[in-house]
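Reader: Hi! Could you walk me through this protein structure?

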Amino acid sequence: WEQAYDSHRTSTVPPDLHFDWSTIQENYRVVIHDDHYLTFVANSIVVTGVATMIALVLGVPAAYAFSRLRFRGADTWASTILSFRFMPPIAVAIPIYLMIRSLGFVDSRFGLILPYVAFSLPLVIWIMIGFFDEIPREIDESAMVDGLTRPLVLLRVMLPLARPGMLVAATFGVIFVWNEFLVGLYIVNSTDKETIPIAASSLLTVESPIDWNIAATVGVLTVIPILIFSMVVQRYIVRGITAGAVR
């Protein structure tokens with residue numbers, strides 16, 4: 001993230017809100033071509049997408065089991081899983097780094113994906129438990145009478161009905177992973193593997209004041225992917241949150 005465009009930097013305090021389209025174009029050229037910021041965007045998309053998908057693959061069957069099956073300590077286990085989400089990342093950043101290092105995944109995308117799955121999984125499970133609870137049990141029973149096993153009931157019957165809840169859970173997971181900074185700062189050392197929050201933190205250094213033009217450009221490029229994702233799933237969000245809120 002070394003700046004190669006010192007001749008183009010124009011910092012004023014307070015920031016000047018005058019719009020100069022030639023300056024704006026130059027800012028985007030610097031960020032995209034000189035600093036290769038799209039590489040960081042691509043890293044964040046890959047890490048966020050894979051971590052969210054894994055959390056859904058693991059969390060949806062777990063939530064279905066908590067909702068439909070009655071076993072000893074189910075409520076205790078569900079509360080314990082949710083309590084893991086209350087733990088701030090700063091409290092476990094160093095232990096997570098030590099575990100990732102012992103597995104040999106430091107400075108890799110997979111090393112980022114593992115802790116992000118662990119952070120996203122409790123939220124996915126609890127959102128989906130509430131959503132499955134809103135689906136009548138008679139649907140499961142009818143499908144099983146027709147010869148389907150529990151896994152097939154989940155796969156063929158429940159997943160289509162639970163799609164809005166899955167998209168809501170995915171949205172919350174995506175937002176968390178997209179913005180996560182501290183754990184990624186410990187695990188990633190190479191510039192080409194940095195995600196957006198880590199790369200953007202280099203905008204502020206002790207050697208020079210922040211360039212507000214470049215910072216604004218980076219902010220726009222950071223928001224665009226998550227904004228597009230939110231617009232795609234927005235029609236499911238209200239329905240999913242409303243259904244998942246009832247326990």
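This is a predicted model: local features need pLDDT of at least 70, side-chain atom pairs count only at pLDDT 80 or more; totals for chains, interfaces and linings use all residues.

Reader: Which residue does arginine 68 form a salt bridge with?
Author: Its partner is aspartate 140, and their closest N and O atoms are 3.1 Å apart. Arginine 68 is in helix α2 (residues 37–68) and aspartate 140 is in helix α6 (residues 137–145), so this pair ties together parts 72 residues apart in sequence. Helices are DSSP runs (H or I, at least four residues), numbered from the N terminus.

Reader: Are those two buried or exposed?
Author: Both arginine 68 and aspartate 140 are buried. Buried means under 20% relative accessible area, exposed means over 50%, and partly exposed is in between (1.4 Å probe, protein chains only). For aspartate 140 the value is 2%.

Reader: What about arginine 150?
Author: Arginine 150 also forms a salt bridge with aspartate 140, with the closest N and O atoms 3.8 Å apart. Arginine 150 is partly exposed, at 30% relative accessible area.

Reader: And which residues are linked in a network of salt bridges?
Author: Glu26, Arg29 and Asp34 are. Within that group, aspartate 34 and arginine 29 have their closest N and O atoms 3.3 Å apart.

Reader: New topic: where is threonine 217 found?
Author: Threonine 217 is in helix α11 (residues 212–244), and is buried, with a relative accessible area of 4%. Leaving aside neighbours within four places in sequence, threonine 217 is in contact (heavy atoms within 4.5 Å) with Asn27, Tyr28 and Val31.

Reader: Last one: how many residues does the largest nonpolar core have?
Author: That core has 26 residues, and Phe66, Met128, Phe132 and Met158 have the most contacts inside it. A nonpolar core is a set of buried Ala, Val, Leu, Ile, Met, Phe, Trp, Tyr and Cys residues joined through side-chain atoms within 4.5 Å.

Reader: Which helix gives the most to this core?
Author: That is α5, with seven residues.

Definitions and conventions
Residues are numbered from 1 along each chain as its sequence is written. Side-chain values use heavy atoms; hydrogens and water are left out. A salt bridge is a side-chain nitrogen of Lys or Arg within 4 Å of a carboxyl oxygen of Asp or Glu. Helices (H or I, at least four residues) and strands (E, at least two) are DSSP runs, numbered from the N terminus.
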